[in-house]
Amino acid sequence: MLKKDLILKNPLRAWEPDTGHNTETPRMGLVVAHRGAGKTAVLVQFALDSLLRGNRVAHVSIGQSLEKTKEWYEDLFQELAGSYKLEHVGEVHSEIAAGRLIMTFNAGGFSAAKLEERLTDLIEQDIFRPDSIVVDGFDFEHADAAQVEGLRKLVRERKLHAWFSAVRPREEKRESALGVPAPGDRFEDYFDCILLLDPDARGVALTTLKSDVAASKDHPAIRLDPTTFLVNES
């Protein structure tokens, strides 16, 4: 399969309908799940999809090492390439690596202001100007509205496509009218799209709780394979 065909057939088209460079920006998406259910795998696949479409992606990893984050990209790209029998794998891999920048933060050392500072330095020094950003590991449980508003403001001002992850505590049963579980329920108004990962007997289901893409709720069932961690249509 050629890269352009992979872009068209990718199940993530349910939530990212653009097949070229990002055009509907800025927008923010949130992936909510219990710890270990596959949030990072989904974020990395959104990032890979954006990279395949020619966008530059900044991956913000909070509380995880640079090496571990790179492993996620390498493993999922190889699974993706093998599953779809992608042609010119080496060339596509080089394109992806050139368009991606990984930034790491300590668990207690991240804020919208610090992210803005790093992005400003990268852009002003003509090192890297992202079109998309994924933020993995932000502590929504202990965040307040001002912190999330700051991230929303950054995304809008930088005209970014953004995806975030949120850990759903197992002991917390609170959820919003839309079905968004805590802690995401307090911040659902800041996001254009919210997905829930929910393990079941067949793997991990991806459920759309909120979306600015009209067709996403009518899309065929999509799941995360617990063996390969790839997003597939079931």
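Author: What follows begins with the ground rules, goes through the charged pairs, and then turns to some neighbouring residues and to a pair of helices.

This is a predicted model, in which local features need pLDDT of at least 70 and side-chain atom pairs count only at pLDDT 80 or more, while totals for chains, interfaces and linings use all residues. Residues are numbered from 1 along each chain as its sequence is written, and side-chain values use heavy atoms, with hydrogens and water left out.

A search of the whole structure finds 13 salt bridges, a salt bridge being a side-chain nitrogen of Lys or Arg within 4 Å of a carboxyl oxygen of Asp or Glu. One of them joins the side chains of Asp 49 and Arg 53, with N and O 3.1 Å apart. Asp 49 is buried at a relative accessible area of 1%, and Arg 53 is also counted as buried, at 6%; here buried means under 20% relative accessible area, exposed over 50% and partly exposed in between, with a 1.4 Å probe and protein chains only.

Another salt bridge pairs Arg 56 with Asp 131, whose closest N and O atoms are 3.4 Å apart. Arg 56 lies in the loop between helix H2 (39–52) and strand E2 (57–62), and Asp 131 in the loop between helix H5 (112–124) and strand E4 (132–136), so the pair ties together parts that are 75 residues apart in sequence. Helices (H or I, at least four residues) and strands (E, at least two) are DSSP runs, numbered from the N terminus. Arg 56 is partly exposed, with a relative accessible area of 34%.

In a further pair, Arg 174 meets Asp 185, and the closest N and O atoms are 2.6 Å apart. Both residues of this pair, which links distant parts of the chain, lie in the loop between strand E5 (161–167) and strand E6 (193–200), 11 residues apart. Arg 174 is partly exposed at 36% relative accessibility, whereas Asp 185 is buried at 15%. Elsewhere, salt bridges that share partners join Arg 13, Glu 16, Arg 27, Asp 49, Arg 53 and Asp 212 into one network.

Arg 53 also has a neighbour in His 21, which touches Arg 53, Gly 54 and Asn 55, residues up to four places away in sequence not being counted; contact means heavy atoms within 4.5 Å. His 21 lies in the loop between helix H1 (3–9) and strand E1 (27–33) and is partly exposed, at 47% relative accessible area. Its side chain makes a polar contact of 3.3 Å with the side chain of Asn 55, a polar contact being a pair of N or O atoms within 3.5 Å in which, within protein, one must be able to donate a hydrogen and the other to accept it, and residues adjacent in sequence count only if both atoms are side-chain atoms. The backbone oxygen of Gly 54 lies 3.3 Å from a polar atom of the His 21 side chain.

Asn 55 is likewise touched by Ser 50, whose contacts beyond four places in sequence also include Asn 22, Val 57 and Ser 132. Ser 50 is found in helix H2 and is buried, at 4% relative accessibility.

Finally, among the residues in contact between H5 and helix H6 (residues 145–157) are Glu 116 and Leu 119 in H5 and Leu 151 and Leu 154 in H6.
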